[in-house]
Structure formats: C-alpha cells, structure tokens
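Open the model in your viewer and keep the selection tool at hand. The stops below go from the inside of the chain to its surface.

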Amino acid sequence: MEATQFLAIQTETYKLGFIGAGKMAESIAKGAVQSGFLPPPRISTSIHSNPARRLAFDSLGVKVLPQNRNVVEESDVVIFSVKPQVVRDVVLELRPLLTKDKLLVSIAAGTKLKDLQEWAGHSRFIRVVPNTPSAVGEAASVMCLGGAATEEDGELVAKLFGSVGKIWRADEKLFDAIVGLSGSGPAYIYLAIEALADGGVAAGLPRELAMGLASQTVLGAASMASKTGKHPGQLKDDVASPGGTTIAGIHELEKGGFRGTLMNAVVAAAKRSRELSQS
C-alpha cells in the first residue's frame, strides 16, 4: 500500500498551516487553540492584503507568514481553505512543495479527492465538509480519506475538527447529500428561528424576547435530540398532549407541508451541489 511509505505525522509536535485565511480557517484555528489541542506557534497562514483577516489571526497568536509557500514549507499538515474556484490554481502552484511527508486536507466546497490528488501529485489527502457553526464550536463535519491517507492521518484530522464540533466519516459519494443537509442546513434553521420569532411578535411578544426564546428553543430542542438518544418523533409526542396547544401548532405545520418542504430543501441543495461539482 502506498500509505505505508509515508512518514507518520508526530501528533505531539506537528505544525498546521492554512492556505486561505477566511472565516472557516479562522474558526478551525480558534477551536484548535482555545481547546488546547494546538498551541498558536504551531499554526500558520499567509495573508496578503486584508488587514481584518490579519488582525483575526494575530489575535489568536497564530503565525502570519508572507507567502503561501512559506506556510507549506513550515507545516506538516496543510489545510486548503480557499474558494473552490481557485483551489486548482493554488494547489498546482504549490505542487513542488507538497511532498509526501505532508498530510493535505481540503475544505474547498465541491472539489473532489480525485482532482485534488491529481493536482497535488500524491494521494495523502483528506477531504472535509465542515459547516459555519464551527465558529462557535458546534460544527457538523464529515471527512473522507484519500487513497494514501493512513488511519493515523484520519484520526489526527478527526481530532482537529473535533475541536470545533462533531465529525463523522463517510464515503465521498455521499458528500453532495451532506452538503444539502449539514452544509446548507444552518441557513434553513436560521430561517426557522426568524419565522418562530416573527410568530412570537405576531402573538404579542416584544421582538428581543421573541428572538431570544426562538433561538434558545431551537438550541434546546437540538440538544434534546442529540443527547437523549430519543427519536425526534418520540420527543415531539412527549410535548404534544391531547387537545393541547402544541398539537394545534403541529397541525398547522403539517397543513403547510413543513416536513416535505424541509426534505425538498435538502434534496434541492444536494442536486445543486452535484451540478456545481460537475461544472
């Protein structure tokens, strides 16, 4: 197996580099630092002209280097966190430096492992689909290992992304559906929170109170679903007493096709992800 030829990454001392210093890179770096998973001097990135981005990474104590090539040279694990439309050019430009002793990771949306591996010149690559709640340590991320990434490489990446939420492992063929659910899903829930708050205002609540109650209610319900192990249908039944207020509200949601609409949203986003990854 090609993977056995690669040097193991030393988990206690490895250095992490970000190619691309956007919000997602900042979230992952912040999670790694604040959880104590990696000390700031072992993390680097390169920022060319954006003072706000530089300030964000400087405030974490992360090294900001002049060029992307400096980041690669400095790092054992390199995360490509650039926009999908430029990831090809960036990887190809750095290819001479992307030696097989470096573990490569991509969080670029819609960019497949086979392309990433071809551009890099080797397959010690891991693809991760995170989502925006990584900014508050509550990401739902999914990863897939490239042809030469070892189990140890996978464990290292799982621990890194585990510092900003939860991470699962899945076959890459499922990634379009994952984008439709967890990648785009936060936006569906923001819409639901806004609508719940608007409903509260319509029922007579002050806006600030309505928004606070709506956000905390969604947070609490999600925690109940993830922590109790109960099926959401059971949790719903536990709240809905006969002839009560909750079942009256649920009846309205069912009349409006609430469940079917959410299902359609996931399927539509997954379809769009598939179209974009093929273009």
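This is a predicted model: local features need pLDDT of at least 70, side-chain atom pairs count only at pLDDT 80 or more; totals for chains, interfaces and linings use all residues.

**Stop 1: L16 and its surroundings**

Leaving aside neighbours within four places in sequence, L16 is in contact with L38, R42, I43, S44, S75, V77, I79 and L160.

**Stop 2: the core around it**

Together with L16, they are the residues with the most contacts inside the largest nonpolar core, a set of 31 residues. Colour the elements that give two or more residues to this core: the strands β1 (16–19), β4 (77–80), β5 (103–106), β6 (125–129) and β7 (139–145), and the helices α1 (23–34) and α6 (151–162). Of these, α1 supplies the largest share, with 5 residues. In soluble globular proteins, nonpolar side chains tend to be buried together.

**Stop 3**

**Stop 4: the annotated domain**

Select residues 172–276, which an unreviewed UniProt entry lists as "domain: Pyrroline-5-carboxylate reductase dimerisation". This stretch is 83% helix and 0% strand, and its end C-alpha atoms are 15 Å apart.

**Stop 5: a patch on the surface**

Show the surface and select L205, L209 and L213. These residues form a nonpolar patch there, with about 240 Å² of accessible area together. Zoom in on L205, in the loop between α8 (185–202) and α9 (207–228). Is L205 buried or partly exposed? Its relative accessible area is 34%, so L205 counts as partly exposed.

Methods. Residues are numbered from 1 along each chain as its sequence is written. Side-chain values use heavy atoms; hydrogens and water are left out. UniProt positions are given in the numbering used here, feature names are shortened, and annotations may be inferred rather than shown by experiment. Helices (H or I, at least four residues) and strands (E, at least two) are DSSP runs, numbered from the N terminus. A nonpolar core is a set of buried Ala, Val, Leu, Ile, Met, Phe, Trp, Tyr and Cys residues joined through side-chain atoms within 4.5 Å. Buried means under 20% relative accessible area, exposed over 50%, partly exposed in between (1.4 Å probe, protein chains only). Contact means heavy atoms within 4.5 Å. Patches are made of residues with over 30% relative accessible area and no salt bridge: like charges are joined within 9 Å, nonpolar side chains (Val, Leu, Ile, Met, Phe, Trp, Tyr) within 5 Å. Accessible areas come from the Shrake-Rupley method with a 1.4 Å probe; for residues, only the protein chains shown count as cover. A salt bridge is a side-chain nitrogen of Lys or Arg within 4 Å of a carboxyl oxygen of Asp or Glu.
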